[in-house]
Each structure stands twice: as C-alpha cells, then as structure tokens.
Amino acid sequence: MEVTVLGPWGGFPAASEASAGYLIQDKGFNLLVDCGSGVLSQLQKYIAVKDLHAVIISHYHPDHVADIGVLYHGRLIESQVGEKLPPLPIYGHPYDQKGFGELSHRSYTEGKAYDPNKELHVGPFTITFQETKHPVKCYAMRITNGEKTVVYTADSAYLEAFNRLADNADLFICECNLYSDMDGSKMGHMNSTDAAKIARDAGVRTLMLTHLPHFGDLEDLVNDAKQTYDGNVMLAESGYKWE
Ligand SMILES: [Zn+2]
Ligand SMILES: [Zn+2]
C-alpha cells in the first residue's frame with residue numbers, strides 16, 4: 001500500500017502545487033482521496049488520468065473538490081482519443097445535494113453515495129468513516145487493505161472520536177491548519193497540538209501534518225507536535241511517497 005501526497009495545502013494551493021489530494025495505491029488499484037485545486041496536474045506525475053479507478057471525497061469545500069470538473073474533462077478527452085473509459089466512480093456523502101450532484105458528468109464520472117455508518121469496499125480497500133467537526137458536513141476516513149491502515153481526518157476541529165478512528169494506524173494524515181497557539185475549535189480546524197494529542201492517544205506509527213497554513217514557519221508545526229507526541233512526525237510534502 002502506497003500513499004502519495006498530491007496536495008498538502010489548506011484552502012488553496014501554493015504556486016505550482018495543489019490543495020487536498022492523496023493517491024492511494026495497492027495491488028494495481030489507484031484510489032484518489034479528495035480532488036482539490038491542482039490535484040489533476042499533480043496526479044499525472046504518477047499515473048495517467050485514464051488509470052484512475054475510483055475517487056472518494058470527504059466534503060464539498062472547493063479546496064477538496066475544485067478539480068472534479070477538469071477530471072471529467074480528462075476522462076472525456078482520454079475516451080475520445082483512446083479507448084472509451086468506463087464511468088469513474090466518485091464516492092461522496094449525499095448530504096449536500098448540490099455538491100454530490102456535481103460528481104456525475106454524463107457517462108464519464110459517476111457520483112456514488114457512501115453511507116458513513118457502513119463499511120465501504122473500493123478495490124482492495126475497506127473504508128470506514130467518522131463525521132468531523134467542520135462548518136459543513138465532512139467525513140474522516142480509515143482506509144485499510146487488511147495489512148496496513150491509513151487514517152485521514154479531512155477537515156476538522158479536534159474531536160476525541162478520532163482516537164478510535166485512528167487507533168493504531170500506520171499512517172495518520174491529520175489536518176493541521178493552525179499553529180499551536182491558535183484555537184481552531186470554532187473554525188473547524190486543528191492546530192499542531194490537537195493533531196499530536198490524537199496521534200499520541202491513538203498510538204499511531206507516523207503522524208503526517210497536512211492541510212498546511214500559508215503563513216508562519218511550517219517547521220514550528222512539527223516541533224510543537226513533538227512536545228506532545230514522541231513518535232514520527234512529518235509535514236505532508238507534494239510528491240512524498242509513504243509505503
Ligand atoms: Zn480544506
Ligand atoms: Zn473544509
């Protein structure tokens with residue numbers, strides 16, 4: 001199981017980079033988790049658009065879905081110049097009709113509603129969900145291939161429920177939009193201490209801080225997290241591959 005960071009930025013992409021997006025691969029299956037601004041460009045550094053098998057979306061904020069429309073264009077054009085591609089399943093929650101409706105484009109991409117109370121099976125992966133604390137409905141995900149487990153918080157303020165979702169995870173991709181002296185509880189985001197607390201209490205192997213802020217010194221996020229959690233802490237970085 002491999003995870004490639006396509007978009008480590010919160011809110012909008014830094015120059016030549018992307019906002020939220022992660023490519024998760026196992027046994028030849030390519031799953032894209034979130035499809036933020038710039039993700040389609042980053043994705044093609046690793047695989048062709050036609051080789052994507054499924055997409056899953058945490059919520060419908062633009063920094064997580066901005067490239068859905070161009071993903072449809074990519075599938076359409078690759079179908080026209082090559083072999084007709086099957087509809088690409090894009091899993092999203094159905095509690096935002098407009099957002100969910102925009103996942104389906106003719107026969108090229110097909111929005112599929114996940115039920116956050118049930119396990120979802122996509123290719124070799126089993127995915128379970130946890131509702132987050134964010135201004136709009138959003139779901140964190142625990143993704144496992146039966147051997148390794150990756151947990152992605154998507155966007156959220158601190159929640160104790162993440163301890164269970166992230167329990168013993170091999171890789172914990174935790175949003176960290178704020179520095180430790182900033183309170184994200186009303187904004188629906190976490191700071192580096194919040195992320196580290198979950199990493200410690202859940203006993204994860206590696207904490208990857210993501211959804212990064214566009215201000216301050218990012219190394220401070222790591223140093224602050226290390227005050228609370230003594231495991232492996234890293235910043236998500238475009239192109240970083242975890243195996
Ligand atoms: Zn976001
Ligand atoms: Zn959001």
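Q: Before we get going, how are helices and strands defined here?
A: They are DSSP runs numbered from the N terminus: a helix is H or I over at least four residues, and a strand is E over at least two. Keep in mind that this is a predicted model.

Q: Thanks! So where does Arg106 lie?
A: Arg106 is in the loop that runs between helix 4 (97-101) and strand 6 (109-113). Its phi is positive, about 45 degrees, although Arg106 is not a glycine.

Q: Is Arg106 buried or exposed, and why?
A: Arg106 is exposed, because its relative accessible area is 64% and exposed means over 50%.

Q: What about Asp34, what's its phi?
A: Asp34 also isn't a glycine, and its phi is positive at about 65 degrees. You'll find Asp34 in the loop between strand 3 (29-33) and helix 1 (39-43).

Q: And is Asp34 buried or exposed?
A: Asp34 counts as buried, because its relative accessibility is 0%.

Q: Switching to helix 6, which of its residues are buried?
A: Within helix 6 (residues 192-202), the buried ones are Ser192, Asp194, Ala195, Ala196, Ile198, Ala199 and Ala202.

Q: What covers those buried residues?
A: The cover includes helix 5 (162-165) and helix 7 (218-228), along with strand 11 (171-175) and strand 12 (206-210).

Q: Nice. What does the side chain of Asn191 reach at the start of helix 6?
A: A side-chain oxygen of Asn191 comes to within 3.0 Å of the backbone nitrogen of Thr193 there.

Q: And which residue takes a positive phi just after helix 6?
A: That's Gly203, with a phi of about 65 degrees.

Definitions and conventions
Residues are numbered from 1 along each chain as its sequence is written. Chains are lettered from A and ligands numbered from 1 in the order in which they are written. This is a predicted model: local features need pLDDT of at least 70, side-chain atom pairs count only at pLDDT 80 or more; totals for chains, interfaces and linings use all residues. Side-chain values use heavy atoms; hydrogens and water are left out. Buried means under 20% relative accessible area, exposed over 50%, partly exposed in between (1.4 Å probe, protein chains only). Contact means heavy atoms within 4.5 Å. A polar contact is a pair of N or O atoms within 3.5 Å; within protein, one must be able to donate a hydrogen and the other to accept it, and residues adjacent in sequence count only if both atoms are side-chain atoms.
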